[in-house]
Amino acid sequence: MSVDFSKYKQDFPILSREVHPGKKLIYLDSTASTQKPQIVLDAMDDYYHRHNANIHRGVYTISEEATELYENARAKVARFIHAPSARSIVFTRNTTESINLVAFTWGRKNLKENDLVLLTELEHHSNIVPWQILVQEKKIRIEFIPVLPDGILDMNAYKNLLEKKPKLVAFAHMSNVLGTITPVKEMTTLAHQVGAIVLIDGAQSVPHLPVDIQDIDAEFLAFSAHKMCGPTGIGALYGKFDLLNEMPPFLGGGDMIRKVTFEGFSTNDVPAKFEAGTPAIAEAVGFGAAIDYLSSIGMEEIAKHEQEIALYGLRRLEESGGIKVIGPHNQRGGVLAFDMSGIHPHDVAQILDSEGIAVRAGHHCAQPLHIKFGLPATTRASFYLYNSKEDVDSLIKGLDKVKMMFD
Amino acid sequence: MDDLYREIIIEHYKNPGFRGELDPNDYTYEDENPVCGDHIRVDIRVNDSGIVTEAKYSGHGCAISQASADLLMEAIIGKKVEDVKKLTKQDVLDLLGIELGAVRLKCALLPLKVVKAGVYGVGKESELSDLD
């Protein structure tokens, strides 16, 4: 018995907004950022109305409440990805900061000249540039696992690259352009066989798929709240506890210290060691509420629903003519990036906007991947639990208008 | 919407009059819009009196940026280089005949930015600040 997803749309106030007279918002850009259900907005509102205070060390009631809310959110994040303990979850600003944290602390301490870091060709800039900074700084080397023309990673090439004994393998669980879902568990096991550490960019997978980090067994997992019904400004880094424990601190300041004298400092325990300064408390509360919301629907169900819309969208786009969708054609996430011959994605997106349809145009922070596919830019429609096949139908109608205008 | 994609823009996008490259040239420059990856190169020839005699653009981009480039080439031919330096954002918008939001404004102004960087010479980016 499958879940009726149409009832969830009403949980999101923004989805009843008209963006132009008579044109309701049809939001197809959840890969960039998702909309927020009322329940998340209420949780943050309630925090500011009733519990707002700085966390830790406050002895008064509302500070204790704020601390408890903040730490409860951490526990919810841990349970959501099946982490062994809340101590393995560091709150950051977003996926980008989580990856930078690993590069800045673990990377600076453990990577030396000529050490190899393996990435894939489908990475978002946020999982390329932090490592390129270490190329400049520490003269490490980067090699890329190739993407095959159908959007799948070349696993044979990966196995050959592993023979070069990389120190770290870092890759996205789901491509934000191709929708490719990478075989994370297999890739992690193979990396471990040559002694490499594994970092997974979960920005697109944690919001859309059930993720069990202990089963995958990767050392690090990075993701953002705003891509999973939560607020902007907060994300998480999961790390195996022993590794986090041995890593040097990230930013210096309050909360990350155990003791400070004029001569020096000692660091606080994990995860506080990596959370200098007042964190995004209201946002953590919203993050927790978002996780409750997603869990109440069920990640298996959400993944199934999106897969259904994605495959329907793929079929409709390809049938409509003059449109080429890039990426895998069988199993894929709810992301459809496409090229309309002779019409620039900016123009496509602009005309769709006049119909109330929000899609993204550009290289989606994956410029090297677009170069590889010979496209300067694509138009991208992406889906979440609040989207339906009717939204795909509206998209197709909008694209017909685009073709008409450029005909 | 129909205003934005006025006939003139679609026409210049689909049937450009000034697409191509000039070699040799007196001024050449290329740049891109980091937000969308649009890329424009402009080649310019001038005569002894400092008047633009030929101008061509190449690269790729949306209808707005390409039409803007095509219209701009047309507009600068016959002008003194000193006058080309004085062209403003409003001049480009007048050529296009449309109003634009912040994001698309960058598309429309990329060609002028490239032209100005070309005739001023690289390193005088401060002269371009009004286009950012």
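**Exercise 1. State the accessible surface of chain B and the share of it that belongs to carbon and sulfur atoms.**

Solution. The accessible surface of chain B is about 6200 Å², and 47% of that belongs to carbon and sulfur atoms. Areas come from the Shrake-Rupley method with a 1.4 Å probe; for residues, only the protein chains shown count as cover.

This is a predicted model, in which local features need pLDDT of at least 70 and side-chain atom pairs count only at pLDDT 80 or more, while totals for chains, interfaces and linings use all residues. Residues are numbered from 1 along each chain as its sequence is written, chains are lettered from A and ligands numbered from 1 in the order in which they are written, and side-chain values use heavy atoms, with hydrogens and water left out.

**Exercise 2. Describe the elements of chain B and how compact the chain is.**

Solution.
1. Chain B has 5 helices and 3 strands (DSSP runs numbered from the N terminus: helices H or I, at least four residues; strands E, at least two).
2. Their order from the N terminus is α-β-β-β-α-α-α-α.
3. The radius of gyration, 14 Å, is close to the 14 Å of the globule rule for 132 residues, so chain B is as compact as a globular protein of that length. The radius is taken over C-alpha atoms, and the rule is 2.2 Å times the number of residues to the power 0.38.
4. Of the 132 residues in chain B, 46% are buried (under 20% relative accessible area, 1.4 Å probe, protein chains only; exposed is over 50%, partly exposed in between).

**Exercise 3. Which parts of chain A does the pair of F12(A) and Y293(A) tie together?**

Solution.
1. The pair is edge-to-face, at 5.8 Å centre to centre and 80° between the planes. Rings of Phe, Tyr and Trp (its six-membered ring) pair if their centres lie within 6.5 Å; planes under 30 degrees apart are stacked, over 60 edge-to-face, the rest tilted.
2. F12(A) lies in the segment before β1 (18–20) and Y293(A) in helix α9 (residues 281–297), so the pair ties together parts 281 residues apart in sequence.
3. Both F12(A) and Y293(A) are buried.

**Exercise 4. Classify the pair of F12(A) and Y386(A), and name the cluster that holds these residues.**

Solution.
1. The ring centres of F12(A) and Y386(A) are 4.7 Å apart and the planes stand at 65°, so the pair is edge-to-face.
2. Y386(A) lies in the loop between β17 (378–382) and α13 (389–406), 374 residues from F12(A).
3. F12(A), Y293(A), Y384(A) and Y386(A) form one aromatic cluster.
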